[in-house]
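Please read them with the coordinates open.

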Amino acid sequence: MRLLRGSPASSGVARGPWLRVVAEPAPSGGRIAAEAAEAELARLAGAAERAAMDLEALAASVAAGGHPDEAAIFAAQATMARDPALAESAAARIRDGEDAVGAVVGAGREFADQLRALGEEVFVARAADVEDVSDRIAGLLAGRAPAGPALERPSIVVAEDLPPSVTAS
C-alpha cells in the first residue's frame with residue numbers, strides 16, 4: 001500500500017485506487033501579421049462562444065445531478081467566457097500582434113492577477129475561474145477538446161490543483 005499525504009478536497013480518510021492528474025499547460029500563442037488580426041478576432045469570438053455554450057451544458061448537467069451550487073459556478077464561468085472586458089483585452093492584444101491563443105491566455109492571466117491582488121479569498125477563487133475559462137477558450141483555439149481525466153472506476157484523484165471544469169468533467 002502506498003500512503004499519499006496532501007490537502008484533501010473533503011474531510012475523512014480514503015482508501016482505494018487512485019489516479020494522478022497532471023494539468024496540461026495552457027497552449028502557448030504566437031505572433032501574427034497585422035492583416036491576420038480580423039481573422040483572429042473572429043476565431044476568438046467563435047471559441048469564446050463555444051466555451052460559453054460548453055460551460056452552460058456542464059452547468060445543466062451538474063444541476064441535473066443534484067448539485068445546484070456547483071452548477072452555479074459553471075453558469076458564472078459561461079458568463080465570464082462572454083465577458084466584454086475579457087474579449088476587449090484579448091482583442092487589443094490581437095491588434096498588437098498576438099494570435100488569439102496568446103491573447104486570451106494573456107488577458108485571462110492579467111484579469112486573474114488583478115483579482116488575486118485584491119487579497120480577498122473570494123476574489124482569489126474567482127481568479128482561478130478566470131484562468132480556467134481563458135485556458136478553455138485557448139484550448140478550443142488550439143484544437144484541444146476540453147476534457148477531464150478518464151476514470152475507469154471510482155477513484156481517488158491526486159493532483160497539484162484541478163480547475164473547476166475539470167473537476168466536474
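The points below cover confidence, the nonpolar core, the salt bridges and one methionine.

1. Basis. This is a predicted model, in which local features need pLDDT of at least 70 and side-chain atom pairs count only at pLDDT 80 or more, while totals for chains, interfaces and linings use all residues. Residues are numbered from 1 along each chain as its sequence is written, and side-chain values use heavy atoms, with hydrogens and water left out.

2. Confidence. The chain has a mean pLDDT of 88, and 91% of its residues reach 70 or more; pLDDT is the predictor's confidence in each residue, from 0 to 100. Where pLDDT is low, the predicted coordinates should not be read in detail.

3. Nonpolar core. The largest core has 36 residues, and the members that touch the most others are Leu-44, Ile-94, Val-104, Ile-137 and Leu-141. Such a core is a set of buried Ala, Val, Leu, Ile, Met, Phe, Trp, Tyr and Cys residues joined through side-chain atoms within 4.5 Å; buried means under 20% relative accessible area, exposed over 50%, and partly exposed in between (1.4 Å probe, protein chains only). Helices α1 (37-64), α2 (68-81), α3, α4 and α5 each supply at least two residues of this core. The largest share, 11 residues, comes from α1.

4. Leu-44. Which residues does Leu-44 touch, not counting those up to four places away in sequence? They are Ala-87, Ala-90, Ala-91, Ile-94, Ala-100, Val-104, Ile-137 and Leu-141. Contact here means heavy atoms within 4.5 Å.

5. Because Glu-110 lies in helix α4 (residues 100-117) and Arg-93 in helix α3 (residues 84-95), the pair ties together parts that are 17 residues apart in sequence. Glu-110 is partly exposed at 34% relative accessibility, and Arg-93 is partly exposed at 22%.

6. Arg-109 pairs with Asp-135, and their closest N and O atoms are 2.8 Å apart. Arg-109 is in helix α4 and Asp-135 in helix α5 (residues 121-141), so this bridge links parts 26 residues apart in sequence. Both partners are partly exposed, Arg-109 at 26% and Asp-135 at 24%.

7. Asp-129 and Arg-126 form a salt bridge whose closest N and O atoms are 2.7 Å apart. The two are three residues apart in helix α5, so about one helical turn separates them. Asp-129 is buried at 3% relative accessibility, whereas Arg-126 is partly exposed at 31%. Elsewhere, salt bridges that share partners join Arg-109, Asp-113, Arg-116, Glu-131 and Asp-135 into one network.

8. Met-80. Met-80 lies in helix α2 and counts as buried at 18% relative accessibility. Leaving aside neighbours within four places in sequence, Met-80 is in contact with Leu-86, Arg-126, Asp-129, Val-130 and Val-133. Two of these contacts, Arg-126 and Asp-129, are salt-bridge partners of each other. The C-alpha atoms of Met-80 and Ala-23 are separated by 21 Å, and the two residues are 57 residues apart along the chain.

Notes
Helix = DSSP H or I, 4+ residues; strand = E, 2+ residues; numbered from the N terminus. Salt bridge = Lys/Arg side-chain N within 4 Å of Asp/Glu carboxyl O.
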